[in-house]
Amino acid sequence: MLKEFCSGIRGKTVLSIAFVSFLFCGCGDQGGATESASVTTEATDVSTTASTAAQGAMTEHSIEDMTYSIRDVWAGDGTASGGSVRYDLDDSMLIITVMDDAGDITNPDVRAQYREGISANYETELSLMDCDTIAERPAFGVTGDIRLSDEGYRLFSYIIRSNSKWYYIQYFQREGEDHQTEFDEFLGSIRFSEEVVTDVLHRTGYVEYTVPSNWRGDGSLNEAGATYYYPDHGMLMVEEIPNNADLSSADVQTALLNDFNDGLDSGEIGMTNTLLVDNCFVMRAAGECTVSGLKMKISALYIQVEDKIYGFSMGSFEGHYTDYDTETETVFSSIRVVPKDPVTTESTENNGNSTETKLPGVRPEFKSTMDGYEQFFDEYYAYMKKYQETNDPSTMSDYSDFVKRYDDVLKQLRELDLSSLSPEETAYYNEVMERINRKLTDAAATP
């Protein structure tokens with residue numbers, strides 16, 4: 001139980017560090033590649049001085065939910081490639097990359113870990129910049145002198161979090177160049193579209209609950225029977241505990257709390273109250289403690305349904321307890337018990353030649369559209385894997401067919417009124433999109 005919770009906290013920290021090492025190795029490769037590239041302009045004589053460069057007009061660009069303005073003298077039209085856009089001027093480079101959210105960048109310890117990872121990649125000591133927000137979004141940055149292909153550069157690197165994405169900005173200013181004015185203008189022009197957060201319905205065993213859509217986590221159980229969700233400043237663990245014991249028993253409650261507290265560095269959680277949820281016995285516990293060296297406030301809720309106990313453990317890092325209290329009550333109050341065997345019912349249509357799976361609360365026509373969309377990407381994924389394995393040019397005709405078919409399936413998806421979906425339909429929509437995204441990510445990552 002809490003051992004799993006502690007494992008989740010440790011795993012999150014290790015993942016973040018590993019992610020940054022990979023990220024900044026990629027950054028170094030990009031920078032090195034640009035050394036052999038030449039920047040050209042047509043019918044324009046661009047001076048290398050900042051005063052002349054600043055005479056260029058500002059043009060607005062965008063990538064994902066971020067809009068910004070760039071001086072026209074910077075080479076680059078804002079076209080994204082592989083999730084990145086790049087601009088060049090006099091061998092200085094600006095690269096903007098959009099990535100999935102990968103950690104709490106408001107946590108000072110996390111910022112320090114990332115600074116160390118970046119410094120190690122460039123084999124030089126970089127320093128944190130005084131930056132907590134950019135365009136009213138959480139942000140931080142590092143700076144320092146680096147070497148790329150035996151050339152000296154000043155690196156300014158920022159990470160901004162918005163709409164469940166990371167916007168990773170790298171500015172490499174070559175020795176002898178000075179475009180700081182233009183770069184500062186770029187930073188000051190950044191704007192983001194408003195983040196729309198909805199409640200997403202999830203299910204574990206015989207319980208349903210909702211979490212905000214901007215929390216990371218897809219609701220899938222790991223081998224230990226636990227699933228994790230990550231808000232900006234903590235973690236929610238939901239676990240399925242096979243247990244024939246009676247949760248209303250004082251001995252069982254003590255055993256659960258002892259097991260939970262065994263995984264703490266210091267402090268403890270203790271029982272706060274008991275109540276009923278959908279006629280099922282529930283135990284609540286809370287306390288302040290230290291987990292994996294991090295100070296946290298933790299609340300736990302255990303609910304017994306049939307022969308299983310479901311545990312909800314919500315933890316928040318120090319400095320975010322006010323937000324945490326509100327979020328905890330929102331998640332815990334959303335918990336509902338569902339019937340024991342309601343998942344699917346099978347019905348045979350077309351004279352028994354096909355079987356359609358019906359889901360409670362999901363319209364058949366909506367499910368058919370989503371299933372068709374997922375089937376298209378299943379076929380596309382299989383095609384990409386085959387092409388990567390054989391590298392057979394003859395399969396390019398199949399690719400053309402996929403391009404033509406995609407317009408049709410995309411049109412059907414766009415015709416859906418997402419604002420009118422039921423909670424069950426919203427959950428199914430998110431499940432399908434998550435499965436598709438995992439396949440596409442896997443296909444893109446395969447060499």
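A cavity here is a set of grid points where a 1.4 Å probe fits but cannot get out, and its lining residues have an atom within 4 Å of a point. With that in mind, welcome to a quick tour of a predicted model.

**The cavity**

- The structure holds 1 cavity of 30 Å³ or more, and the volume of the largest cavity is about 50 Å³.
- Its lining is made up of Ile70, Arg71, Trp74, Leu94, Tyr171, Glu182, Phe183 and Phe186.
- Two elements, strand S2 (66-71) and helix H4 (180-189), each give two or more residues to the lining of the largest cavity.
- Helix H4 gives the most to that lining, with 3 residues.
- By residue class, the lining of the largest cavity divides into 6 nonpolar and 2 charged residues, with no polar ones.

- Gln170 sits in strand S9, which covers residues 165-174.
- With a relative accessible area of 1%, Gln170 falls under the 20% cut-off, so Gln170 counts as buried.
- The side chain of Gln170 makes a polar contact of 3.3 Å with the side chain of Tyr168.
- Along the chain, Gln170 and Arg86 are 84 residues apart, while 9.5 Å separates their C-alpha atoms.

Notes. Residues are numbered from 1 along each chain as its sequence is written. This is a predicted model: local features need pLDDT of at least 70, side-chain atom pairs count only at pLDDT 80 or more; totals for chains, interfaces and linings use all residues. Side-chain values use heavy atoms; hydrogens and water are left out. Helices (H or I, at least four residues) and strands (E, at least two) are DSSP runs, numbered from the N terminus. Buried means under 20% relative accessible area, exposed over 50%, partly exposed in between (1.4 Å probe, protein chains only). A polar contact is a pair of N or O atoms within 3.5 Å; within protein, one must be able to donate a hydrogen and the other to accept it, and residues adjacent in sequence count only if both atoms are side-chain atoms. On a 1 Å grid over the protein atoms alone, a cavity is a set of points where a 1.4 Å probe fits but cannot get out, and a pocket is an open set with protein on both sides within 12 Å along at least five of seven lines; lining residues have an atom within 4 Å of a point. Grid points are joined across faces, edges and corners, and a volume is the space filled by probe spheres set on the points. Ala, Val, Leu, Ile, Met, Phe, Trp, Tyr, Cys and Pro count as nonpolar, Asp, Glu, Lys and Arg as charged, and the others, Gly among them, as polar.
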